[in-house]
Amino acid sequence: MAQAQAHSKRSTKFLKDLGIYAIGNLGSKIITFAMVPLYTFFVKDTSDFGYYDLCLTIIFLIMPLATLQLRDGAFRFLLETQDEQHRTRIISFIYRTLLTSLVVSVIATAMLAMFTSIDYLWYCFALLMAMSFFEVIAQVARGLGNNKDFVMAGILSSLSIGVLSIIFVACMNMGIEGIFIANILARVIALLYLEVKMHIVARYFRFNISMKQVGHDILKYSLPLLPGSLCWWLTGSSDRWFINHFLGLDVNGLYAVAFRFNGIILTLATIFYQAWQETAILQYNSPDRDKFFSKMFNSYIGILAILITGYTFTLKVMYPIIVDANYQESSSYLYLLGISAVLFALSAFFDMGYQCAKDTTRTLPAIFLAAIVNIVCNYLLVKHVGVYGAISTSIITYLVLFFYRLHDMKRYFNLSFYRSTAIATAIIPLGAIPYHFLDTWWLLLLYMIVAIVVATFSLPQDTRYEICDKVISKIRRH
């Protein structure tokens, strides 16, 4: 009885956190994805959009180096302390490191500008810095327990991207330059919001304070994640370079559009991850940890089956309406990209073992292996199979990572796989058949409804009851 109550209490907190993160992520990503049709209609040349996508890919490569992966260290160390003096040391170290990174990046960019001619170089620098500061400081806010401000900052950033993109891209017809400016200013606005609401700099940033031990502990946790982040970049972004090399910027532009739409699945997975991250760390030492983690894992598979089916089939029906004719071909990539996103999300679930135990060094072998598999498969497949070679590479890579981590997680917790979960697991790959071979809209929607109903009933029984209770209580409250 006591164990059941404990499960219910933790599940309730998890669902509450899930709701908070859902509001922020969905609100922000809906605005962000609404920009994709805008960009496709006003940036007619797919090669231009392909170039911007490559610039963004490079920024994501450099960002872990610029931040020393402090976004993870900030959240992990702030979450477990309530001592204001210790918080001051942590945040002072983070700000000082970011300011040092800013100075180094300015010098490096200036040297590049002197010896090379790279389009939009200073825009790339400004976006790198804006994204780096925002990513880290947002996690500081989250680590301090200000989840609502963290969420609002994300929404404000995306809303600003939307409004500014309309101004610079649609109204002023600035093209790629307008996209850069909108994204840079949006992060600056969100950072100002966090400072006005939380006074992080005023309350916690000090120059004359000893941070040596704190800095050592944070870097010991964060730096092992740095090579992992670089490998993640290779795993998640090398496909763009192979597509550009073998197929050209115009094809990369098509792939980039499909990848951005696919990002909604990654966004919804991120919502779960953020709520699960907090819950897993706080519940790691509980006596019934394995049972609780197993319930969450099996529930997650069912939710992902519902998600990929509902989203991709609806999007296929709507694609001719929301995307310019020049980009229509990209719709055929959506479902298989969705499968790769699901496998990535399941692999990320196991990442909690390393974070809970502060054993981040052990993340490296699996990620190195995944990066090698990714590079080799992209090299072998993209030239001969085209974009489908890149997508197949992603699926193979995340399958390898998933099975490696499934085995490696036994040192941290033991998961049980429920029988009913096999149904949801089967729905995920089987959905590719009707997606690619059905073109009639009502048949697509009929399959989608049937698959979602089946996947819903495959969820663990107590998960269904908890979700229903949460929904009913919300309805009664309003």
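Start by selecting Leu68, in the loop between α2 (46–67) and α3 (70–79); helices here are DSSP runs of H or I with at least four residues, strands are runs of E with at least two, and both are numbered from the N terminus. Before you move on, know that this is a predicted model, where local features need pLDDT of at least 70, side-chain atom pairs count only at pLDDT 80 or more, and totals for chains, interfaces and linings use all residues. Residues are numbered from 1 along each chain as its sequence is written, and side-chain values use heavy atoms, with hydrogens and water left out.

Back to Leu68: its phi is near 55°, a positive value in a residue other than glycine. Leu68 is partly exposed, because its relative accessibility is 27% (buried means under 20% relative accessible area, exposed over 50%, partly exposed in between, with a 1.4 Å probe and protein chains only).

Next, click His199. You'll find His199 in the loop between α7 (175–198) and α8 (200–204). Here too phi is positive in a residue other than glycine, near 50°. With a relative accessible area of 42%, His199 is partly exposed.

Now go to Ser157, in helix α6 (residues 147–171). Is Ser157 buried or exposed? Ser157 has a relative accessible area of 4%, so it counts as buried. Show its surroundings: leaving out residues up to four places away in sequence, Ser157 touches Phe134, Ala186, Arg187 and Ala190 (contact means heavy atoms within 4.5 Å).

Time for the rings. How many aromatic pairs does a search of the whole structure find? The count is 24, where rings of Phe, Tyr and Trp (its six-membered ring) pair if their centres lie within 6.5 Å, and planes under 30 degrees apart count as stacked, over 60 as edge-to-face and the rest as tilted. Phe292 is buried at a relative accessible area of 0%, and Phe293 is buried at 0% relative accessibility.

Then try Tyr354 and Tyr412, an edge-to-face pair with 5.5 Å centre to centre and 80° between the planes. This pair links distant parts of the chain, 58 residues apart: Tyr354 sits in helix α13 (residues 334–356), and Tyr412 in the loop between α15 (387–408) and α16 (421–430). Tyr354 is buried at 0% relative accessibility, and Tyr412 is buried at 6%.

For a group of rings, select Phe297, Tyr300, Phe349, Phe350, Phe402 and Phe403, which form one aromatic cluster.

Among the residues with the most contacts inside the largest nonpolar core, which has 71 residues, are Leu346, Tyr300 and Phe349. (A nonpolar core is a set of buried Ala, Val, Leu, Ile, Met, Phe, Trp, Tyr and Cys residues joined through side-chain atoms within 4.5 Å.) Apart from neighbours within four places in sequence, Leu346 is in contact with Phe297, Tyr300, Ile301, Leu304 and Phe402. A second, separate core has 56 residues, including Met63, Leu98, Ile176 and Tyr193.

Last stop: the cysteines. The structure holds zero disulfides (a disulfide is a pair of cysteine sulfur atoms within 2.5 Å). Select Cys171, which is exposed at 60% relative accessibility, then Cys377, which is buried at a relative accessible area of 16%.
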